[in-house]
Amino acid sequence: MSGFLALVGEPAALASPDLASTLLGLAHTRPVDLWRGGHDVLLASGPNPADVALGRVEDLQRGRLVVAVDARLDARDDLRAALLAANQQPAAGASDAALVAHACEAWGPACVERLRGDFSFVAWDPARRELFGARDPFGGRPLFYAEVQGGLVVSNAMCPVSEHPLVSDDLDELWLADFVLLGESLRPEASVFGAVRRLPPGHALLVRDGGLRSVRPTFALDPVPPLRGDEGEVRAQVTAALDAAVRDRLPSDRLGVLLSGGLDSPLIAALARRLAPALDMRGHFVHFERLIPDVEPPFVRRVADALGVPLRSVAADDVGLFDHWEHGSAFEPTHGLDLGIAALVDPGLVEHAPVAFTGHPSDALLMPDPLPLAAWHDGLRATLRGFCATWQRWRFRPSLSLAWAWRRLRPGSDEEPFPAWLDPEVVDRLGLRERWRVGRRDRPPLPGRRGDARAYVRGPVWATMFEQRHSCATGLALEFRHPLFDLRVVRALLGLPSLPWCQRKAVFRDLGRVAGLPEVVVLRQKAPLAGDLLQALADQEHAWPPAVVPPLAGWVRPGRRPSSRAHLEPWIRLVDADRWLALSRVAGE
């Protein structure tokens with residue numbers, strides 16, 4: 001999770017080691033290595049708090065190329081064998097950064113097709129005077145860049161880019177509008193700063209002669225062939241993929257797990273316990289004591305007791321919607337309902353373990369096709385068998401997809417009305433009604449089987465989550481790892497027929513029972529929060545003022561407030577963005 005910074009062209013010519021150190025320091029990174037190639041390229045790298053906690057200090061990798069890497073790789077043995085076959089000689093204990101550097105030397109820009117795991121990197125080729133950068137398929141590691149006159153600034157954290165003296169700090173009003181209305185940008189490359197771009201997941205960039213030459217996709221989540229075999233064979237294939245993903249992410253001695261009372265993170269914890277029985281593992285969960293009724297704690301405790309995992313918890317009742325600005329350096333406005341990962345993570349967890357597992361994104365990966373599409377893609381006979389098997393085994397009826405059929409027959413019938421508290425001049429100038437309409441529609445499925453699931457997995461929400469939980473953003477000595485975002489797991493779960501395996505996560509119920517999870521958790525149905533968390537959090541905030549910081553000043557019609565529950569969340573995000581602007585350096589300019 002190392003921090004790095006690359007300056008190409010004029011930014012490098014004007015840069016000094018002190019400037020590079022200052023910029024990386026904004027991303028909680030302590031530069032330990034710096035390389036300059038003439039007057040037109042400078043690379044710097046160093047550990048952030050998670051690196052220090054893991055005892056990992058990655059220098060720049062020097063060879064035919066100079067490579068700066070932020071990576072945690074999967075399938076290292078397979079990659080090492082491929083490198084040896086390509087006449088590379090990685091050391092027996094080569095770090096992930098060294099393996100990425102060897103891959104860049106062996107295959108050039110095509111190396112991204114061989115890498116598995118979470119990574120972002122830049123590689124400078126002195127002979128060709130080219131800089132190549134890439135980001136992994138799901139965005140597990142960030143990469144930001146900005147074009148300036150005569151060059152480019154690139155980093156795996158936003159602050160070193162946005163704070164560079166040559167990079168404009170003008171805000172992107174359309175990004176702010178999308179954030180307020182939708183919670184995410186309709187443009188995956190955009191950021192809150194107009195000059196700063198994020199490299200989308202599964203993309204690469206090429207810089208030549210000091211300027212950006214191309215940004216191109218390197219990955220597509222195509223339809224996955226269905227898993228073959230009887231139920232036992234299918235279950236074994238999924239188990240093998242999960243075991244490999246968990247094994248590749250296990251730390252050497254201590255592990256934290258963000259537990260819930262559902263199936264996802266408990267299953268990951270159970271697999272970790274089976275694969276590493278001597279591992280010092282601790283569970284962590286967030287709960288509410290007063291704000292809303294919370295039925296989760298008893299289920300979480302049952303899981304912890306079954307796995308023999310000590311459990312710690314944090315009560316979120318007194319964490320305000322906007323307290324996360326007081327806990328670290330948020331580089332962009334973030335959803336207030338996130339409550340700030342730095343505000344909620346138990347200090348005891350950070351002290352105990354440098355790595356924490358999560359159960360994301362099982363809801364996306366196990367999203368079944370609507371029943372008519374399942375019958376089309378998987379065959380009518382197989383779908384009917386799966387329908388019956390779902391009832392016989394779990395005693396619940398699969399969804400008949402009536403809501404999906406209604407939306408197909410009556411497109412737009414469930415659209416929510418536009419927020420009336422927004423100023424009409426701002427609405428017209430920025431085209432907000434159209435952005436609301438486009439952003440609130442269901443995400444169009446990708447072609448082929450399990451298209452909804454593949455579209456959701458590739459959606460921007462996950463990359464944003466990874467960016468906000470990166471140690472360069474949180475400042476925490478804690479690295480979050482997500483075994484379900486392993487490409488082997490993604491393909492295995494997307495290869496499952498919708499029935500019976502994906503309905504209500506039936507495959508995880510099977511595996512959870514085998515792994516020893518409590519039967520009450522295995523049989524539990526997914527349920528919404530017992531109370532209205534959004535309204536409760538809003539009610540505990542006193543007198544929210546309208547936006548007062550440009551460019552948000554004037555966005556709210558005088559005297560207007562949200563008139564419905566549906567418009568409360570955009571209002572919270574507006575106040576969230578306003579608070580961020582008030583605390584950021586752009587507020588006074």
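I looked up E296 and found that, at 24% relative accessibility, it counts as partly exposed, where buried means under 20% relative accessible area, exposed over 50% and partly exposed in between, with a 1.4 Å probe and protein chains only. This is a predicted model, in which local features need pLDDT of at least 70 and side-chain atom pairs count only at pLDDT 80 or more, while totals for chains, interfaces and linings use all residues. Residues are numbered from 1 along each chain as its sequence is written, and side-chain values use heavy atoms, with hydrogens and water left out. E296 forms a salt bridge with R524, and their closest N and O atoms are 2.5 Å apart; the term stands for a side-chain nitrogen of Lys or Arg within 4 Å of a carboxyl oxygen of Asp or Glu. R524 counts as buried at 16% relative accessibility. I noted that the pair links distant parts of the chain, with E296 in helix α10 (residues 296-307) and R524 in the loop between α25 (519-522) and α26 (533-540), 228 residues apart. Helices (H or I, at least four residues) and strands (E, at least two) are DSSP runs, numbered from the N terminus.

Which residues does K505 meet in salt bridges? One is D264, at 3.0 Å from N to O, and this pair links K505, in the loop between α23 (498-502) and α24 (506-515), to D264 in helix α9 (residues 264-275), 241 residues apart. K505 is buried, with a relative accessible area of 11%, and D264 is buried too, at 14%. D363 also forms a salt bridge with K505, the closest N and O atoms being 2.5 Å apart. D363 lies in helix α13 (residues 362-365), so its pairing with K505 ties together parts that are 142 residues apart in sequence. D363 is partly exposed, with a relative accessible area of 35%. Searching the whole structure, I found 33 salt bridges.

Six strands form an open sheet in the order β4-β5-β6-β7-β11-β12, with antiparallel pairing; two strands pair if DSSP finds at least two bridges between them. The edge strands, β4 (61-62) and β12 (211-217), each pair on one side only. Within this sheet I followed β5 (residues 66-73) and β6 (residues 117-125), which pair in the antiparallel sense over eight bridges, and I noted that L73 has G117 in β6 as its bridge partner.

Strand β8 (residues 144-148) pairs with β10 in the antiparallel sense over three bridges, and A146 has V196 in β10 as its bridge partner.

L176, F179, V180, L181 and L182 in α7 meet P570, R573, L574, D576 and A577 in α27, where contact means heavy atoms within 4.5 Å. By class, I noted eight nonpolar, no polar and two charged residues in this contact, counting Ala, Val, Leu, Ile, Met, Phe, Trp, Tyr, Cys and Pro as nonpolar, Asp, Glu, Lys and Arg as charged, and the others, Gly among them, as polar.
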